[in-house]
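Subject: Structure for you, with notes

Hello,

Here is the structure I promised to pass on. Please open it alongside this message.

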Amino acid sequence: MSEQIRVNNAFSTVLPTLQLAWDSTSLGLLKECPRKYQLTMGSAVEPGWSPRTESVHLRFGIEVHDARRIYDYARTQGNSHDDALDDAVSHTLCSTYDYDLMRPWFSDHKEKNRFTLLRTIVWYLDEYGPNDPLQTVTLANGKPAVELSFRMQTDIRIGGEPVTLCGHMDRLAVASFDQRTYIADIKTTGSTLGTDYFSKFSPDNQFSLYSFASKVVYSQPVAGLIVDAAQIAVTFSRFQRGLVPRHQAQLDEWYSDLGIWLEQAESFARRGHWPMNDKSCNNYGGCPFRGICAHVPSIRDKWLQASFVHRTWDPLRARGDV
Amino acid sequence: MPNPSPLTEPDPLSMNEEMRRLDTIVSGDPRALTRAQRDQFVAYLRDLRVQWAKDEASGAKRAKAPKLPPGHIVMPEDLGL
């Protein structure tokens with residue numbers, strides 16, 4: 001490996017296909033389908049693959065999170081709700097404008113487009129901004145506790161090397177109803193909001209990892225996770241907040257299972273083969289790699305090069321200030 | 001590809017005069033927008049929310065009713081946990 005350029009620091013230098021720093025995205029991919037994981041993540045020396053066409057759902061979610069972050073920063077600096085909202089709207093108008101083509105972001109998705117994005121941001125911040133029972137924690141440096149990057153070394157070892165859990169949590173907030181600290185996250189969906197919607201977070205890989213890590217990485221005890229769900233429809237955006245519970249025994253079980261999943265990852269890395277889970281191909285509207293895996297192995301690379309682009313997903317790359 | 005309309009995608013034909021004016025504003029280079037123009041846009045979105053809430057309360061446009069009361073925080077006991 002010494003002669004190859006390292007592109008992803010989350011992987012081992014000894015066995016370049018063995019990932020040692022795991023976030024919820026990469027772990028979720030491994031659990032969903034080892035082949036999808038390998039194609040997406042690549043290795044220490046090879047970037048992964050990503051569809052050429054942008055996912056409207058991913059773009060929409062990122063924009064909503066960014067708007068919330070901008071709003072929180074402005075509020076922490078003492079700005080009024082309306083001024084902070086203007087910062088968020090102004091930011092989003094700019095981030096959804098293509099300055100090469102001099103035109104706004106175009107989405108042909110009837111529920112997730114520039115208009116419904118701006119409407120969702122304004123309605124959401126009006127709903128949860130000024131009188132929110134979840135008040136964003138202000139850090140010692142005076143900045144809001146948003147987009148918090150974390151990493152924690154575990155006692156799990158694979159390939160003789162220690163495993164790190166890492167990621168980015170949206171927001172730390174104190175709830176006025178019980179004065180406890182929660183991790184707050186926003187999810188956007190086309191689904192009608194109700195108990196069925198919130199049930200899908202228990203169990204859930206991302207929130208179990210966040211709950212597990214939050215017990216360790218923050219100085220103040222974290223009581224749990226709260227999800228602000230935003231239902232996006234053509235003519236309205238509706239919001240509902242829900243608590244995502246995790247008992248310590250559940251977290252212990254998740255961590256024990258994690259060790260087994262990572263043993264499997266090591267096994268796949270040593271074999272140099274990541275098997276398909278062909279029961280996952282049609283989940284979530286269909287795996288983007290389904291069309292690749294449908295071809296015989298000898299021509300898959302050509303198809304990948306034609307319809308995908310290289311992308312490096314390095315979980316160790318920090319986004320926030322912590 | 002058609003020039004997208006931020007206000008009514010994908011149906012710019014349904015715009016009234018006020019919407020058409022706002023649409024022209026927010027379709028342009030956002031760096032050129034003034035605070036007053038953005039405030040007009042936010043006010044428009046807030047009006048939409050008020051109208052939607054009225055329609056929903058009256059049942060006039062309720063396609064899918066909310067399954068939980070507005071403002072309710074879903075607790076573990078709601079999920080049977």
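My notes follow, sorted by region.

Keep in mind throughout that this is a predicted model.

**Contact between the chains**

Start where the two chains meet. Chain A puts 36 residues into the contact, and chain B puts in 33. On the chain A side, the elements that give two or more residues are α4 (81-95), β4 (103-104), α5 (114-128), α6 (195-199) and β10 (237-244). The most comes from α5(A), with 7 residues. By class, this side of chain A has 17 nonpolar, 10 polar and 9 charged residues.

β10(A) pairs with strand β1 (residues 73-74) of chain B. The sense is parallel, over 2 bridges. Look for A:R241, which stands opposite B:I73 in β1(B).

**Nonpolar core**

Next, the core. The largest nonpolar core has 80 residues. Which of them touch the most other members? They are A:Y71, A:A88, A:I121, A:V122 and A:L225. The largest share of this core comes from α5(A), with 8 residues. As a rule, nonpolar side chains in soluble globular proteins tend to be buried together.

Is A:E127 buried or partly exposed? There are 19 C-beta neighbours inside 10 Å, so A:E127 counts as partly exposed; buried would need 20 or more. A:E127 and A:F239 are 112 residues apart in sequence. In space, their C-alpha atoms are 8.3 Å apart.

**Strands around β8(A)**

Strand β8 of chain A spans residues 181-189. Of its 9 residues, 7 are buried, so β8(A) is largely enclosed by the rest of the structure.

β8(A) pairs with two strands that I would trace in turn:

- Strand β7 (residues 161-175) of chain A pairs with β8(A) in the antiparallel sense, over 4 bridges. A:A173 has A:Y182 in β8(A) as its bridge partner.
- Strand β9 (residues 222-232) of chain A runs parallel to β8(A), and 9 bridges join them. Here A:T189 has A:Q231 in β9(A) as its bridge partner.

β7(A) and β8(A) form a hairpin, with 5 residues between them. In the turn, A:Q179 has a positive phi of about 60 degrees.

**Helix pairs**

Two helix contacts in chain A are worth a look. Packed helices are described by the angle and the distance between their axes.

Take helix α1 (residues 24-32) and helix α2 (residues 34-41) of chain A. Their axes come within 5 Å and cross at roughly 140 degrees. From α1(A), the contact uses A:S26, A:L29, A:L30 and A:E32. From α2(A), it uses A:P34, A:K36, A:Y37, A:T40 and A:M41. By class, that contact has 5 nonpolar, 2 polar and 2 charged residues.

Now take α7(A) and α8(A). Their axes come within 10 Å and cross at roughly 110 degrees. That makes α7(A) roughly perpendicular to α8(A). A:S208, A:S211 and A:F212 of α7(A) meet A:L251, A:W254 and A:Y255 of α8(A). This contact has 4 nonpolar and 2 polar residues, and no charged residues.

**Backbone points to check**

- A:S202 to A:P203 is a cis peptide bond, with omega near -5 degrees. A:P203 sits in the loop between α6 and α7 (205-217) of chain A.
- A:M102 has a positive phi of about 50 degrees, although it is not a glycine. A:M102 lies in the loop between β3 (97-98) and β4 of chain A. A:M102 is exposed, with 9 other C-beta atoms within 10 Å.
- A:Y284 is not a glycine either, and its phi is positive, near 55 degrees. A:Y284 is found in the loop between α8 (248-271) and α9 (290-293) of chain A. A:Y284 counts as exposed, with 9 C-beta neighbours inside 10 Å.

Over to you.

Best wishes

Methods: Residues are numbered from 1 along each chain as its sequence is written. Chains are lettered from A and ligands numbered from 1 in the order in which they are written. This is a predicted model: local features need pLDDT of at least 70, side-chain atom pairs count only at pLDDT 80 or more; totals for chains, interfaces and linings use all residues. Axes are lines fitted to C-alpha atoms, for helices over the stretch in contact, and angles run from 0 to 180 degrees between N-to-C directions. Two residues are in contact if their C-beta atoms, placed from the backbone, lie within 7 Å. Ala, Val, Leu, Ile, Met, Phe, Trp, Tyr, Cys and Pro count as nonpolar, Asp, Glu, Lys and Arg as charged, and the others, Gly among them, as polar. Two strands pair if DSSP finds at least two bridges between them. A nonpolar core is a set of buried Ala, Val, Leu, Ile, Met, Phe, Trp, Tyr and Cys residues joined through C-beta atoms within 7 Å. A residue is buried if 20 or more other C-beta atoms lie within 10 Å of its own, exposed if 12 or fewer, and partly exposed in between; C-beta atoms are placed from the backbone. Angles under 35 degrees count as roughly parallel, over 145 as roughly antiparallel, 65 to 115 as roughly perpendicular and the rest as oblique.
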